[in-house]
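Colleague: I'd like a close look at one part of this protein, and then some idea of how that part sits in the rest of the chain. Could you walk me through it?

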Amino acid sequence: MPTKKTLETIWAYGHKNLQATHPTTLMITKDHHLLPSGNCIVAVAANKAAPDLNPEFKHALNQPNAKLTILIEADNTSETIVASGSTELQLTHLTDLVIRKSPFVCSRTLAIQADKASNNLSRTLIEKLTNPQQKIKITLTITTPS
């Protein structure tokens, strides 16, 4: 079956308080600050949140069979997460994008049924993400049947 790919790139930064220990979620935020309690956050000061995503990208993510691959790259280290889109996605939160292992959807949810949460990311990558000067490239690729 032929497939269509839709891409979106987000640029963000690391933070000294980044822990990435949450067992069910992973979050990217436009916020510049991070309290130690924000244990699902993997990137701050992102240049995009849901309203900033391309309408074509959001439409593709709202398809019933959409698969989302999230590639997080920092200083020659990378990690890939695979998740699902959903017809239920709202994609309206002004600052946060959350990838969830569960099927739960709210305004912050970017994808569901992910194969990894923040605590599953390699500690080598997380170590790099604790540097506030570390620029992070996050490539979102949606694959849908065409």
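**A strand residue and the core beyond**

Modeller: Let's start with Thr77, which is found in strand E5, the stretch of residues 77–84. Keep in mind that this is a predicted model. Thr77 has a relative accessibility of 14%, and the cut-off for buried is under 20%, so Thr77 counts as buried. Who does Thr77 touch, once its neighbours within four places in sequence are left aside? The contacts are Ile72, Thr124, Leu125 and Lys128.

Ile72 is among the residues with the most contacts inside the largest nonpolar core, along with Leu68, Ile70, Ile99, Leu110 and Ile138. That core has 45 residues. As a bit of background, nonpolar side chains tend to be buried together in soluble globular proteins.

Now for Leu110, in strand E7 (residues 109–111). Leu110 has a relative accessible area of 0%, so it is buried. Setting aside residues up to four places away in sequence, its contacts include a run of leucines: Leu53, Leu61, Leu68, Leu89, Leu91, Leu97 and Leu140. Phe57, Val98 and Ile99 are on the list as well. Take Leu140: it lies 30 residues from Leu110 in sequence, and their C-alpha atoms are 10 Å apart in space.

Stepping back to the whole chain, what is the order of the elements from the N terminus on? They run β-β-β-α-β-β-β-β-α-β, which gives two helices and eight strands. The radius of gyration is 14 Å, close to the 15 Å that the globule rule gives for 146 residues, so the chain is as compact as a globular protein of that length. Along the principal axes, the C-alpha atoms fill a box of roughly 40 × 30 × 25 Å.

Of the contacts with a separation of 6 or more, 67% are between residues 24 or more positions apart. As for burial, 49% of the 146 residues count as buried.

Note on methods:
Residues are numbered from 1 along each chain as its sequence is written. This is a predicted model: local features need pLDDT of at least 70, side-chain atom pairs count only at pLDDT 80 or more; totals for chains, interfaces and linings use all residues. Side-chain values use heavy atoms; hydrogens and water are left out. Helices (H or I, at least four residues) and strands (E, at least two) are DSSP runs, numbered from the N terminus. The radius of gyration is taken over C-alpha atoms; the globule rule is 2.2 Å times the number of residues to the power 0.38. Buried means under 20% relative accessible area, exposed over 50%, partly exposed in between (1.4 Å probe, protein chains only). Contact means heavy atoms within 4.5 Å. A nonpolar core is a set of buried Ala, Val, Leu, Ile, Met, Phe, Trp, Tyr and Cys residues joined through side-chain atoms within 4.5 Å.
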